[in-house]
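Subject: Structure for you to look at

Hi,

Here is the structure I promised to pass on, with the sequence alongside. My notes on it follow below.

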Amino acid sequence: MNLDQPSLHPEPERLWAFLRAELTPREGKPIIAHLLRGCAHCAELLAPMVRSVFHPLREQPTFDLSAYDPPIDRAVASARREIAERSREIELAEQARLSSPLAAGRERCATLLVESWALRTSDPAGMVTLARLAAQLADSLSLEDGSPTERADFQARAWSELGNALRIAADVPGSESAFAEALLRAERGTGDRQLFARIFDLTASLRISQRRFRDACRLLEGIFELHRAAGEHHLAGRALIKRGIALLYENEFEEACRYIAHGLGQIDPSREPALALSAVHNLVIGAVEAGAYEQAARWIGASRSLYDQRGSAIDQLKLRWLEGRIEAGRGDLEAAELGLWEVHDEFESRGLPIEAAVVSLDLAMLWLQQGRTAEILESVEEILETFRALGIRREAVAALLVLRRAIDHERATNELARLLRRVSGRLKRQENLTI
């Protein structure tokens, strides 16, 4: 069959409909199969869209990551001192609160929000269920739960937490809607600046999930200034850490590490241990993305107790994922492949298809280094179907073309490996930001 005959190619309108996810899986499958055969004509048509997925390629930055050792050491040391002292106190206080009669609807609502938040890493669907109940209960508060403006503040808080839960569960439209409801209620409330800051902070997390990183940075800059003016150093540091994460997602590694380390130096790790862990984890990600594998490994060694004491099962799994990438960067490809397969299978068993698919791309990079193109072919269709099912359109096509070209033009392996890393990096932005 001669694929260069124009009549055998999908119509351009069909290609663009495929990119816009306007085709059913049945309609899209022939197009995927056609592209997998290495059609140069259609690849050229899609090239502008594929190029828009990536930032212009540049050399990895070179900067001294060891300068960020002290904030990590201080955070880990502080957490070690305080976790043992406070965890038991918190546990006893929580037990007493939950065992007491809950007379007011406001207190019942607050309990639901606490329980919802506790499920953020282990059960996102359960988190949404409890947060939705809290929002519904908040809207039905009575006069005994405060004045109309006080009740409006509490309702805004509940709806913003529902918006965050929906974001973590990957329901972006639902999250947008819930945050709009939160703002409507906040505008009827007391005008509490800290409440608005919390809503904007959670909205910034949504913007990061949507890859609207600059929008997130603008929100977080305002939140930082508000907290700094109020003398809330911990919350100001929190805004700096989240801004650093947004910059990390834009591949601005040096600036990202600077913001995260600065924020880590301002927060109280005992007040929010999960935040300290998130900051350290993202610093390690920055080091890995910058190719500083030895520094990343040292940071993991220094902060392992923080992962052990405060990390969830998913946190531990993501740590193992990073260790696999570090092993690959160090050239220990056999250990890296074994570790990445374990992580991939565990993500699949936990119902986390995006993470499993992105680990598959990390595996593909290993295989590309070894010329094992057969394994890449075996996994590419599964990866693409996952991306399309989850609404990841442009990245799916980019990954498709990159992998196909890697197989057809092995002489360009180094450049294609960089492109593949860029695809993988973009897709890692789908990971949940749970702080």
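The largest nonpolar core has 43 residues, and Leu264 and Val284 touch the most other members of it. Here a nonpolar core is a set of buried Ala, Val, Leu, Ile, Met, Phe, Trp, Tyr and Cys residues joined through side-chain atoms within 4.5 Å; buried means under 20% relative accessible area, exposed over 50% and partly exposed in between, with a 1.4 Å probe and protein chains only. At least two residues of this core come from each of α9 (193-209), α10 (213-229), α11 (233-249), α12 (253-266), α13 (273-289), α14 (293-310) and α15 (313-330). The biggest share is from α13, with 10 residues. A second, separate core of 24 residues includes Leu113, Met127, Leu141 and Ala182. As background, nonpolar side chains in soluble globular proteins tend to be buried together.

Before you go further, please note that this is a predicted model: local features need pLDDT of at least 70 and side-chain atom pairs count only at pLDDT 80 or more, while totals for chains, interfaces and linings use all residues. Residues are numbered from 1 along each chain as its sequence is written, and side-chain values use heavy atoms, with hydrogens and water left out.

For the chain as a whole, there are 20 helices and 0 strands, taken as DSSP runs numbered from the N terminus (helices H or I, at least four residues; strands E, at least two). Buried residues account for 51% of the 435 residues.

The axes of α5 (residues 105-118) and α7 (residues 148-168) come within 11 Å and cross at roughly 20 degrees; axes are lines fitted to C-alpha atoms over the stretch in contact, and angles run from 0 to 180 degrees between N-to-C directions. The two helices are therefore roughly parallel to each other, a label for angles under 35 degrees. On the α5 side the contact (heavy atoms within 4.5 Å) is made by Arg106, Cys109, Ala110, Leu113 and Trp117, and on the α7 side by Glu150, Phe154, Arg157, Ala158, Glu161 and Asn164.

Lastly, Gly191 lies in the loop between α8 (172-187) and α9, and at 43% relative accessibility Gly191 counts as partly exposed. Leaving aside neighbours within four places in sequence, Gly191 is in contact with Asp153 and Phe196. The C-alpha atoms of Gly191 and Glu150 are separated by 9.8 Å, with the two residues 41 apart along the chain.

Best wishes

Notes. Angles under 35 degrees count as roughly parallel, over 145 as roughly antiparallel, 65 to 115 as roughly perpendicular and the rest as oblique.
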